[in-house]
Structures are given as C-alpha cells and as structure tokens.
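Here are a few exercises to work through with the model open in your viewer. Try each task before reading its solution.

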Amino acid sequence: MRGMLQSPDRLNSLALALTDEHRLLWESARTFARERVASGAAERDKTAVFPSELLPELAEMGLLAMKVPEEDGGSGADNVGYVLAMAAIAEACASTAVILASSNLATKILADHGTEAQRERWLRPYARGALGPASFALTEPQGGSDAATLRTSARLDGDAWVLTGSKMWITSGAHAGIHLVFARTEPQGGARGIGCFVVERGTPGLTVGAEEDKMGLRSSGTVALHFEDCRIPRENLIGAPGSGYGLALGALGAGRIGIAAQCLGIAEAAMVEGLSYAAERRAFGERVLDFQNSQFVAANCRMDLDAAWLLTLRAALLLDRGERARMESSMAKVVASEACGRVVDAMLQLHGGYGYSREYRIERLYRDCRVTRIYEGTNEIQRVVIARELLRDHAEERSA
C-alpha cells in the first residue's frame with residue numbers, strides 16, 4: 001500500500017508553498033530511507049545496534065548537517081526541507097531519525113554561533129562524515145525539562161575550562177565525535193552563567209556510561225556522560241560564557257519541529273501497516289477494512305495526521321520567514337506527538353492480537369512513538385510555553 005507522502009500532489013496540497021528544492025530533498029531522503037534504512041531497522045531494534053554503517057551515507061546526502069550552510073559543508077536546507085527529510089527517514093526508522101535530530105540540533109548551534117576557527121575545526125569535518133554523529137548534552141540526572149537548574153560546572157583554569165558533572169539520556173553519546181555540552185560557568189543558579197562547550201570524543205576526564213536498555217528507539221544509542229576534571233581548551237567555548245542557556249532554548253524551539261516531523265513519519269508508517277493488514281485480514285466473511293468502524297478509525301487517523309502536518313509545516317514556514325514561532329513550534333510538537341500516539345494505537349488495534357507480536361512492524365512503531373511526548377521538552381512543558389505566549393499576546397492586546 002502506498003503511504004500518503006508517496007503522492008507529491010498530496011504533499012504539495014498540505015505544504016501550500018513547496019519549492020522544487022523541497023520536493024527534491026523529500027524524494028531523495030525517502031528513496032534513501034526505503035532502500036538503505038528500512039531494511040535493517042527491525043534487526044537493529046532487536047539487537048539495539050547503532051547504525052554506524054549508515055553514517056557515511058547520511059553525511060554524503062547532507063542529512064547530518066541539514067540546516068548548516070553550504071559553505072560549511074551542510075545542505076543549507078530550510079526548516080520546511082528539514083521537516084520533510086526527517087519525516088521521510090522516520091517513516092523507515094525512528095531511531096535513525098532521532099540520531100539526525102540530535103545531531104542537527106547540535107550542529108545548528110555550532111553553525112550559527114561558532115567562530116570561523118571552530119567551524120573549520122569541527123563543523124566541516126563533521127559535515128563530511130569524518131566525526132560520526134554529534135550529541136546535544138543538556139539533560140542531567142536531577143532534571144530534564146528544568147534546564148536552568150543544571151549542575152555540571154565549568155571552571156576556568158588558565159588556558160583551559162575544567163568540566164565536572166554528569167549528563168543523562170544523551171542520544172548518540174557513545175558514538176559522537178563531538179559533544180555540545182552545557183555547563184555552569186558561574187556558581188549562582190538560574191539561567192544566567194551557563195556556557196556551551198565542545199568536548200571531543202576521547203577527551204581525558206570524559207567517561208561514557210553504559211547504553212540504556214530502552215523500550216523504544218533501541219538502536220539510537222542513549223547513554224550518560226560523566227565529566228571528572230575534564231580539561232578542554234579555552235577556545236572550545238561557543239559564544240559568550242553566559243550565553244549557553246539562550247543558545248540551548250533557541251535551538252530547542254526550532255528543534256521541536258524536527259520531533260514533530262519524526263512523529264509524522266512514525267504515524268504515516270503506522271497508517272500503511274494498519275490499513276494494509278485490515279485490507280487482507282478477513283473476519284465474519286468480510287475484510288476488516290470493509291467494516292464501518294475500521295473506516296471511521298481510518299478517517300479519524302487521517303484527520304489527526306493532516307492537522308499535525310499543517311501545524312508542523314506552518315511552524316516551519318514561520319521560522320523560515322524569520323519569525324519567533326515559539327508557540328507554533330510547541331503546538332506542532334504537542335499535536336504531532338499526541339496524534340502519533342493515537343494513530344499508532346488505532347492501527348495496532350486493527351491488527352488485533354497480532355499487533356502485540358514482534359513479528360509485526362506495528363509493535364515496534366508503538367514502542368518508538370511513546371517517548372516523543374517526553375523528550376525535546378515534555379508536552380506538559382510545551383503547554384506551559386503555549387499558554388505563556390498566548391497570555392502575553394492577550395495582555396499586549398489589552399494594553400494597546
């Protein structure tokens with residue numbers, strides 16, 4: 001069965017403003033996903049093996065550095081192109097998609113705020129595939145959503161920064177050539193006094209923890225990073241010493257549409273699996289797909305998904321126009337992740353008992369989708385952001 005995104009006209013009707021470059025990026029990403037990524041996804045999930053063999057090819061296609069300018073070795077894609085490519089990869093393998101999400105999050109900061117020397121040293125080799133993936137190391141053991149409370153410290157000692165502390169749930173952490181690490185440069189709490197640092201793989205004082213045995217996204221590689229008097233050169237600081245919190249939040253705002261796109265890809269794959277199964281399975285002398293309830297389920301899922309697509313593409317378009325789009329990005333992440341959960345659950349239900357078996361792909365999609373409501377800012381935090389923006393706009397209108 002053909003997925004919704006295999007129809008360019010359907011895709012164009014959703015995006016409203018797709019260019020030839022968008023179409024080309026989506027088609028090339030989807031072809032690569034189908035031919036190279038999808039075939040090994042089930043085995044990688046079963047064995048929790050990181051897709052290292054795909055990294056050089058992902059780099060060659062520009063997918064490791066999608067929003068990095070071409071002069072720095074990236075694709076120079078806009079946010080709409082990023083959404084389309086991420087959804088295409090996630091449709092084949094959600095684990096590979098989240099590797100791309102974290103890597104693109106880290107390298108976008110390096111591209112936007114790194115010096116020429118820093119981009120030459122790390123960003124361009126990374127974009128060529130010479131360094132493997134990149135990691136975004138913000139979350140800590142005592143807090144995820146409240147990033148302002150981080151405790152990892154960075155102390156200036158002569159010509160070096162000395163990092164001490166731990167990070168948790170770091171995607172690609174055991175395989176990354178560079179880690180973008182956020183640490184407190186001043187002792188006081190709150191958002192002030194947080195710096196952003198590049199820590200290279202193998203730096204003395206950096207210890208990589210064991211791989212987490214996760215429910216889903218099992219081949220993405222998730223570890224803790226521990227820093228014990230980890231000395232890095234003074235020039236490894238990105239931006240000003242106290243600018244790290246702003247850099248992180250700015251990147252996470254745009255990064256939410258990447259997670260929304262991952263959700264769309266997972267849900268589109270689930271739709272294909274569920275409807276294909278229901279078209280073949282017979283009960284009471286009829287195809288399961290011919291029952292009115294099954295058709296209502298399919299209709300509800302399609303409406304859910306189209307609404308999520310429209311909100312995600314709207315947020316991407318606004319970002320590409322240079323707008324803040326903080327509320328719109330949060331809305332896209334919430335709606336896409338929750339729609340994904342409903343769609344995958346409904347498509348598993350169409351499988352009946354077989355949906356609970358690992359022989360069927362829908363079981364993996366069900367496990368993969370659950371975390372999307374947690375990472376990149378929980379959906380509860382996204383609702384706080386949405387409400388805050390909404391009430392601020394309301395107050396401004398009242399005072400005008």
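**Exercise 1. Find which element gives the largest share of the lining of the second largest pocket, and describe that pocket.**

Solution. Start with the elements: H6 supplies the largest share of this lining, with seven residues. Keep in mind that you are looking at a predicted model. Next, list the elements that each bring at least two residues: helix H5 (79–92), H6 and H8. Then turn to size, which comes to about 320 Å³ for the second largest pocket. Its lining counts 21 residues, and Lys108, Asp112, Gly250, Ala251 and Ala254 are the closest to the centre. Sorted by class, the lining of the second largest pocket holds nine nonpolar, seven polar and five charged residues. Finally, look at the domains: domain 1 (8–132) and domain 3 (245–392) each give at least three residues to this lining.

**Exercise 2. Classify the aromatic pair of tryptophan 161 and phenylalanine 197.**

Solution. The whole structure contains five aromatic pairs. Tryptophan 161 belongs to strand S3 and phenylalanine 197 to strand S5 (residues 194–200), so the pair ties together parts that are 36 residues apart in sequence. Both tryptophan 161 and phenylalanine 197 are buried.

**Exercise 3. Is the pair of tyrosine 277 and tyrosine 354 stacked or tilted?**

Solution. The centres of the two rings are 6.3 Å apart and the planes stand at 50 degrees, so the pair of tyrosine 277 and tyrosine 354 is tilted. Tyrosine 277 lies in helix H8, while tyrosine 354 lies in the loop between helix H10 (326–351) and helix H11 (361–369), so the pair ties together parts that are 77 residues apart in sequence. For accessibility, tyrosine 277 is buried at a relative accessible area of 11%, whereas tyrosine 354 is partly exposed at 39%.

Definitions and conventions: Residues numbered from 1 in each chain as written. Predicted model: local features only at pLDDT ≥ 70, side-chain atom pairs only at ≥ 80, totals over all residues. Heavy atoms only, no water. 1 Å grid on protein atoms, 1.4 Å probe; cavity = no way out; pocket = protein on both sides within 12 Å on 5 of 7 lines; lining within 4 Å. Points joined across faces, edges and corners; volume = space filled by probe spheres on them. Helix = DSSP H or I, 4+ residues; strand = E, 2+ residues; numbered from the N terminus. Nonpolar A, V, L, I, M, F, W, Y, C, P; charged D, E, K, R; others polar. Domains from an automatic or database assignment. Phe/Tyr/Trp six-rings, centres within 6.5 Å; stacked < 30°, edge-to-face > 60°. Buried < 20%, exposed > 50% of the residue type's maximum accessible area, 1.4 Å probe, protein only.
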